[in-house]
Amino acid sequence: MGDKERIETLEIYKFIKDYLPLVPILKLKKGQYLFRADYKDPTLFYIVSGVIKVETVSYNGKKMIVDIVGRNEFMGAISSVHNADFQCSGIATTSMTVLALKRSLLDELMQSDEFSAFFYQKTSKRVYMMYKKILAKSLFSLREIFANYILENSEGDIFNFVSMYDMCDNLGASRRGLYNILYQFEDEGLIEKTEEVWRILDWQGIIREARQVLDFMGEED
Amino acid sequence: MKIHQIAIYESIEGYLDRIPVVLVNKGEYVAKKEDGNTGRKYYILNGRTRVLKNLDGRTFCVDEIGEDEFTGGLSRVHNQELMCDVLAMEDTVLLELEDMVFEELLKDPRFARIFFHKTSQRVYKMYKRMLLNAMFSQTEILAAYILRNQKDGRCVCPNMNVLCEDLGFSRRNLYNAMNNIIKSGEIEKKGRNLYIIENEALMERGMHVFDYIA
């Protein structure tokens with residue numbers, strides 16, 4: 001599918017189709033920044049294709065992944081639009097194509113009740129999901145959250161993960177904390193490490209560990 | 001606030017005979033998980049509510065909402081059921097928007113815009129508060145809280161349960177954070193009062209939190 005087709009099938013298309021000459025199309029390579037916390041740019045973006053990781057870093061280097069977002073979502077300084085600046089940066093995790101919505105265009109689009117409702121509905125749906133995930137970290141132990149993470153990232157009986165670094169990033173956990181739990185699960189016969197992969201041995205056991213998180217997140221087993 | 005002054009009045013004018021006005025006394029629940037009514041939606045005319053998440057005996061304050069705002073089962077609209085209790089912090093007058101009325105109102109773009117705008121503003125603020133707890137230490141957050149709520153070097157603490165809810169700390173963590181700051185000589189506790197002894201040191205402790213929430 002080419003860019004034109006990808007754009008015409010976006011949910012936002014009906015609102016912007018008369019403004020397309022004013023909407024630059026940006027291409028990003030994996031690892032490139034779309035926006036940065038230390039560079040205040042009011043431009044918002046709409047994802048045509050690809051995936052972006054949104055993260056925030058504290059003054060002492062503590063990093064937290066805020067969201068991972070794909071096609072048909074708004075991106076950029078959205079929290080600033082809501083007067084709650086999260087001070088985030090957005091990094092492409094794959095090659096990406098995005099539409100750039102300059103502030104003047106956005107202000108014009110927001111005059112329409114339909115577009116405003118669309119914008120706020122889309123962005124609030126995402127932030128509710130983000131909120132639920134971060135609230136879960138306060139309500140549940142790392143063991144429970146990690147058990148849920150295993151369920152979310154397994155295919156068949158193989159637990160897929162990119163790297164420990166990536167997992168620690170996603171879960172906001174220390175390397176040591178996560179290793180401790182991995183070895184606990186291994187000792188308890190819930191998972192086993194083979195040469196190349198981690199394999200789930202006891203699905204019911206993992207589900208039991210993750211039960212409260214599953215119920216809270218409203219997910220099915 | 002009078003009903004004709006609220007932001008959604010123009011949208012609900014034609015539905016007023018289907019929108020009951022409800023009074024909930026201070027300390028009573030607008031909605032409670034055990035009653036199975038956490039899905040109902042309300043609009044606050046007067047008063048204030050606190051949205052609480054209870055899990056295994058621990059209470060977490062999700063949000064505090066005042067007049068001219070939606071409250072109730074809002075997360076359900078986004079298929080993200082938080083299943084929270086809603087407690088009236090003072091005598092509160094609300095408009096009850098039962099499901100059918102709400103679904104009809106949501107088809108009106110004016111109402112939809114106001115609903116999604118208002119509720120998303122709140123969730124963004126809620127999320128930022130959670131981010132704060134994740135990104136900064138509890139002593140930093142407590143230091144900033146004391147400085148924000150002090151007058152002439154004195155901060156009057158609400159009771160510990162309320163403070164735990166406000167800050168999102170467990171009771172143990174709150175006591176630990178407070179004792180850390182007291183041991184450092186930056187504050188002194190007498191009864192419910194916290195007196196700032198070393199203002200500069202306390203400012204330095206809390207300044208990154210201030211920068212973040214600015």
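In this predicted model, helix 5 of chain A packs against helix 3 (residues 109-135) of chain B. The axes lie 8 Å apart and meet at an angle of about 30°. Angles under 35 degrees count as roughly parallel, so helix 5 of chain A runs roughly parallel to helix 3 of chain B. The crossing of helix 5 of chain A and helix 3 of chain B is left-handed. Nonpolar residues number 17 in this helix-helix contact. Nine polar and four charged residues complete the contact.

The helix pair belongs to the contact between the two chains. Across that contact, 31 residues of chain A meet 31 residues of chain B. On the side of chain A that touches chain B, helix 5 (residues 113-139) gives the most, with 19 residues. By residue class, this side of chain A holds 14 nonpolar, twelve polar and five charged residues.

Chain B also contains an open sheet of four strands. The strand order is 2-7-4-5, and the pairing is antiparallel. Strand 2 (29-31) and strand 5 (58-65) of chain B form the edges. Each has a single partner strand, so one side of each is left without a neighbour in the sheet. Neighbouring strands of the sheet are turned by 30° against each other on average, direction ignored.

Strand 4 (residues 49-55) and strand 7 (residues 85-88) of chain B pair with each other in the antiparallel sense. Four bridges join strand 4 and strand 7 of chain B. B:Val51 has B:Val86, in strand 7 of chain B, as its bridge partner.

Definitions and conventions. Residues numbered from 1 in each chain as written. Chains lettered and ligands numbered in written order. Predicted model: local features only at pLDDT ≥ 70, side-chain atom pairs only at ≥ 80, totals over all residues. Contact = placed C-beta atoms within 7 Å. Nonpolar A, V, L, I, M, F, W, Y, C, P; charged D, E, K, R; others polar. Pairing = 2+ DSSP bridges. Axes fitted to C-alpha atoms, helices over the stretch in contact; angles between N-to-C directions. Parallel < 35°, antiparallel > 145°, perpendicular 65-115°, else oblique. Left-handed = near helix turned anticlockwise from the far one by under 90°.
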